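Student: I would like to learn how to read the features of a protein model with some care. Could you take me through one?

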Amino acid sequence: MERLHSTKASELAHTQPLAPIVLDALGNCLGEMPPEKLFLRHTRANDPIPALNRALVKSGAGGEKQIGIHLFCGGPFFRRGATATSDAAYCKICGYRFYIPLAAATYGDLEKHAAESRARVIATQASLMMLHPEHNA
Ligand SMILES: [Zn+2]
C-alpha cells in the first residue's frame with residue numbers, strides 16, 4: 001500500500017508543469033518545453049538540462065539542443081557553447097541570452113545558480129547606492 005502510494009505521488013509530479021525558472025533581476029523566465037505528447041510527462045527539477053553534442057558542434061554539423069521556452073516572448077531557448085566553464089542559452093525569437101555553468105546538470109541546479117546570480121546583482125546595486133548616495137532618487 002505504501003509503495004503504491006509513493007508510485008502515484010511520483011506520477012503526479014509529472015502532471016504538474018515545472019515552475020518557471022527566474023533567470024535574472026528583470027524577470028526573464030525559462031519555462032519547460034511542451035511535455036512529451038505521448039505520456040504528457042512534464043519536466044522536473046531533477047531532470048538533466050539537455051547537453052550539447054560537442055563533437056557535432058565542433059564539426060559544424062549542429063548539435064545545439066532546445067532546453068526550454070522564453071516565457072512571455074514564447075521563443076525557444078537553445079543551448080550552445082560559450083566558454084570553458086559555461087554554455088550559453090539564447091532565445092531564437094528575441095535574442096535574450098543567459099549562461100549555464102557546466103556544473104549545473106539539472107534544471108534545479110540552474111534555478112539555484114540563477115537565484116545566486118540575482119542575489120549578487122541586488123547586493124552590488126545596494127553597495128553602489130551606498131557608495132554614491134547622491135544618485136539615489
Ligand atoms: Zn525571447
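Tutor: What follows moves from the overall layout to the sheet, then to a hairpin, a strand residue and the core. This is a predicted model, in which local features need pLDDT of at least 70 and side-chain atom pairs count only at pLDDT 80 or more, while totals for chains, interfaces and linings use all residues. Residues are numbered from 1 along each chain as its sequence is written.

Student: How many helices and strands does the protein chain have, and what pattern do they follow along the sequence?

Tutor: Helices (H or I, at least four residues) and strands (E, at least two) are DSSP runs, numbered from the N terminus. The protein chain here has three helices and six strands, and reading along the sequence gives the pattern α-β-β-α-β-β-β-β-α.

Student: What is the order of the strands in the sheet, and which strands stand at the edges?

Tutor: Strands of a sheet pair through backbone hydrogen bonds, either parallel or antiparallel. Two strands are taken as paired if DSSP finds at least two bridges between them. In this model the six strands form an open sheet with the order 1-2-3-4-5-6 and antiparallel pairing. Strand 1 (21-22) and strand 6 (97-101) stand at the edges with a single partner strand each, so one side of each has no neighbour in the sheet.

Student: Which residues are bridge partners around strand 3?

Tutor: Strand 2 (residues 29-31) and strand 3 (residues 65-70) run antiparallel and are joined by two bridges, and Leu-30 has His-70 in strand 3 as its bridge partner.

Student: What should I look for in the hairpin of strand 3 and strand 4?

Tutor: Most residues other than glycine have a negative phi. This hairpin has five residues between the strands, and Phe-72, which is found in that loop, has a positive phi near 75 degrees although it is not a glycine.

Student: Is Phe-72 buried or exposed?

Tutor: A residue is buried if 20 or more other C-beta atoms lie within 10 Å of its own, exposed if 12 or fewer, and partly exposed in between, with C-beta atoms placed from the backbone. Phe-72 counts as exposed because it has 12 C-beta neighbours inside 10 Å. Pro-76, found in strand 4 (residues 76-81), has 16 such neighbours and therefore counts as partly exposed. Over the protein chain, buried residues make up 15% of the 137 residues.

Student: Which residues does Pro-76 touch?

Tutor: Two residues are in contact if their C-beta atoms, placed from the backbone, lie within 7 Å. Not counting residues up to four places away in sequence, Pro-76 touches Gln-66, Ile-69 and Lys-92.

Student: Which residues of the largest nonpolar core touch the most other members?

Tutor: A nonpolar core is a set of buried Ala, Val, Leu, Ile, Met, Phe, Trp, Tyr and Cys residues joined through C-beta atoms within 7 Å. The largest one has 14 residues, of which Ile-21, Leu-23, Ile-49, Phe-77, Ala-89 and Leu-110 touch the most other members. Helix 3 gives the largest share of this core, three residues.
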